[in-house]
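Student: I have not worked with this structure before. Could you take me through it?

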Amino acid sequence: MIGYTVRRFGQGVIVIVAVTFITFFEAHLMPGNPARAILGVHASSAQIAAFNQENGYNHPLVVQYFDYLDRLLHGNLGFSYKQNQTVAALLGEDLPASVVLVGLSTIVALIVALPLAVLQAVRRNHPSDYTLTGASLLFYSTPTFWLGLTLIDLLAVRIHVFPPAAPQGAAVQVLAHPAGLALPVITLALVSIASFSRYMRSSMLDQLAEDYVRTARAKGVKERIVLWKHVFRNALAPLITLLGLSLPGILSGALITETVFNYPGMGLLFWNAAIAKDYPTMLGVTIVVAVATVAGSLLADLAYAVADPRVRYRAA
Amino acid sequence: MSQVAAGLEPEVTPGQEITTPAGNPWRLAAATFVENKSAVIGLVFIVLMAAFSFLGPLFYHTNQVTTNLPGSLKPPSSAHPLGTDDVGYDELGRLMLGGQTSLEVGLAAALVATFIGVAYGAISGFVGGIVDGIMMRAVDALLAIPTLFLLIYLFTVFQANVPLMILVIGLVAWLVPARLVRAETLSLRTRDYVQAVRGMGGSRRRMVARHIVPNTIGTIMVNATFQVADAIVALASLSFLGLGIQPPAANWGQMLSSGLTYVYAGAWWLIYPPGIAIVLTVMAFNAVGDSLRDAFDNRLRGR
């Protein structure tokens, strides 16, 4: 297990380095050259020369890449010329609010989805299974932005249950307004509930078809024990991987949710940067999001290896 | 198994070759698929939506090029069954045009993604070792950047059009089928019957092409169907944000982008028709994908 952990951690580091290749490449995709793209069309040639000097854009690409890596390792995520602040400072304000949104909605989704999925698997092909399968298919197929729009229309405009706009300010202030948090969390959770319960249902069905279930039943184990001790635990293992794999999707969903509800998180920061063509901020956020994703999938894989030792196929 | 075979036994005249469904996995899969009502409903809906989008404009003529500001934001009436939008386009006609883009981009992007993903995943999983390690770390790196963040960046830099949209969405989406096929390959290549090919002197190419990839075909087709759904959602999300294909070209997501402005004014006809069109189309593809999964999963047959 230690060998597997070290190896998997090493893979994580390699992936992060590969991500920096991608963001470095993205930076050079900027229209014209980075100086023009960042400073705008009205920048003088002296300003551009100074910018290139200051950021090392007059060096060879290899040197530029290692400079970039060096800056990242020192926690320098770039500088937003549009907002005249470091990207790290901008993220410091908005990242916690996103953590609150993503964390809360994922917890809510798991609490709702797991019991639903077990119910569906046990009552396979009964009306309750059809209804729940239909409902989860509906929400799974609903784009986050439209779900947000309809929830605003139904629960904020037509019936005034929740405020339509999210609370503003840092994470602490966000948490102080649970009513405003409700619609964004519900929006993001509904999509996750649908996806988690779909996977869990089919994972449960896969396990129920395994030989060990027949063996357990044959030797007289109570159905309740078969279900919860054998099937549920084995069915949970793939869900751990799904959680790790879902993180990028959930973060994409968070971006849309934050945009629809004007929720002051990392996704809105990224989107506002896209509108302003504030490339350094976009790339800084991308790096942070990517590191979060890699860390999430690393944790998921380690948890999976603990839950199901068969996974450590090359970890001898 | 036996009751399924018995129920599907074809009428046989003497002298005719007997082909039982059990002897023909494709036919058994097709039978299982047809038995599933939601799959048939989904498939029928996709055909109807294609007819609505591509044949509809031949019968229902609307002006989708020049704006008509005095006639904007009109609720549904006999002249405009679904009302008009904020620049005066007829919503129903626009829904048809939007459907064309959604289906074209969805299907084409899914094809691009599936083709790249299957080839990449099968090679990576079969070759294994350090090659697999490098190939999968590249996939991990691209997967680590959430799709929407990558797409938004790319379309902030590049002006979107339909072919570019297909290419970029496809090039971003091949990662998931690659991982799925690779994972199945890893497990399949150790199976006795695949090892037996090697024992009998079969080539590596034969192992992959005849024994591994055909056994992942279920996963591939299921994922390809979901890819169509995902591509339609990706296109709609980008267009909703204002980064998709620009007007007067139409798209369901773009039709909703003004919805956030008018939701407070109660212009429900701007929010619900395009939204329901997206949800039902995506649902149809997902339902077909689910049923394909059931149809291809041997263990679920006959239950």
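Student: What share of the contacts in chain A between residues at least 6 apart in sequence join residues at least 24 apart?
Tutor: The share is 70%. Two residues are in contact if their C-beta atoms, placed from the backbone, lie within 7 Å.

Student: What should I know about the model itself?
Tutor: This is a predicted model, in which local features need pLDDT of at least 70 and side-chain atom pairs count only at pLDDT 80 or more, while totals for chains, interfaces and linings use all residues. Residues are numbered from 1 along each chain as its sequence is written, and chains are lettered from A and ligands numbered from 1 in the order in which they are written.

Student: How many helices and strands does chain A have?
Tutor: Chain A has 13 helices and two strands. Helices (H or I, at least four residues) and strands (E, at least two) are DSSP runs, numbered from the N terminus. The C-alpha trace of chain A spans about 85 × 60 × 30 Å along its principal axes.

Student: Which domains does the assignment give for chain A?
Tutor: It gives domain 1 (2-87) and domain 2 (90-305); such bounds come from an automatic or database domain assignment. The centres of domain 1 of chain A and domain 2 of chain A, taken over C-alpha atoms, are separated by 32 Å. Their contact takes 23 residues from domain 1 of chain A and 19 residues from domain 2 of chain A.

Student: Which element gives the most to the domain 1 side?
Tutor: On the side of domain 1 of chain A that touches domain 2 of chain A, H1(A) gives the most, with 11 residues. By class, that side has 13 nonpolar, seven polar and three charged residues. Here Ala, Val, Leu, Ile, Met, Phe, Trp, Tyr, Cys and Pro count as nonpolar, Asp, Glu, Lys and Arg as charged, and the others, Gly among them, as polar.

Student: Now the other chain. How many residues does each chain put into the contact?
Tutor: Chain A contributes 43 residues and chain B contributes 38 residues. On the side of chain A that touches chain B, the largest share, eight residues, comes from H11(A). That side of chain A has 31 nonpolar, nine polar and three charged residues.

Student: How do H12(A) and H13(A) cross?
Tutor: Their axes come within 8 Å and cross at roughly 150°; axes are lines fitted to C-alpha atoms, for helices over the stretch in contact, and angles run from 0 to 180 degrees between N-to-C directions. H12(A) is therefore roughly antiparallel to H13(A), a term for angles over 145 degrees.

Student: Which residues meet there?
Tutor: A:Met266, A:Leu269, A:Phe270, A:Ala273 and A:Ala274 in H12(A) meet A:Thr281, A:Met282 and A:Val285 in H13(A). These residues divide into seven nonpolar, one polar and no charged.

Student: What about the loops? Where is A:Asn125?
Tutor: A:Asn125 lies in the loop between helix H5 (87-122) and H6 of chain A. Its phi is near 70°, a positive value in a residue other than glycine. Most residues other than glycine have a negative phi.

Student: And where is A:Asn262 found?
Tutor: A:Asn262 is in the loop between H11 and H12 of chain A, and its phi is near 55°, also positive.

Student: Are those two residues buried or exposed?
Tutor: A:Asn125 counts as exposed, with 9 C-beta neighbours inside 10 Å. A:Asn262 is partly exposed, with 14 other C-beta atoms within 10 Å. A residue is buried if 20 or more other C-beta atoms lie within 10 Å of its own, exposed if 12 or fewer, and partly exposed in between, with C-beta atoms placed from the backbone.

Notes
Angles under 35 degrees count as roughly parallel, over 145 as roughly antiparallel, 65 to 115 as roughly perpendicular and the rest as oblique.
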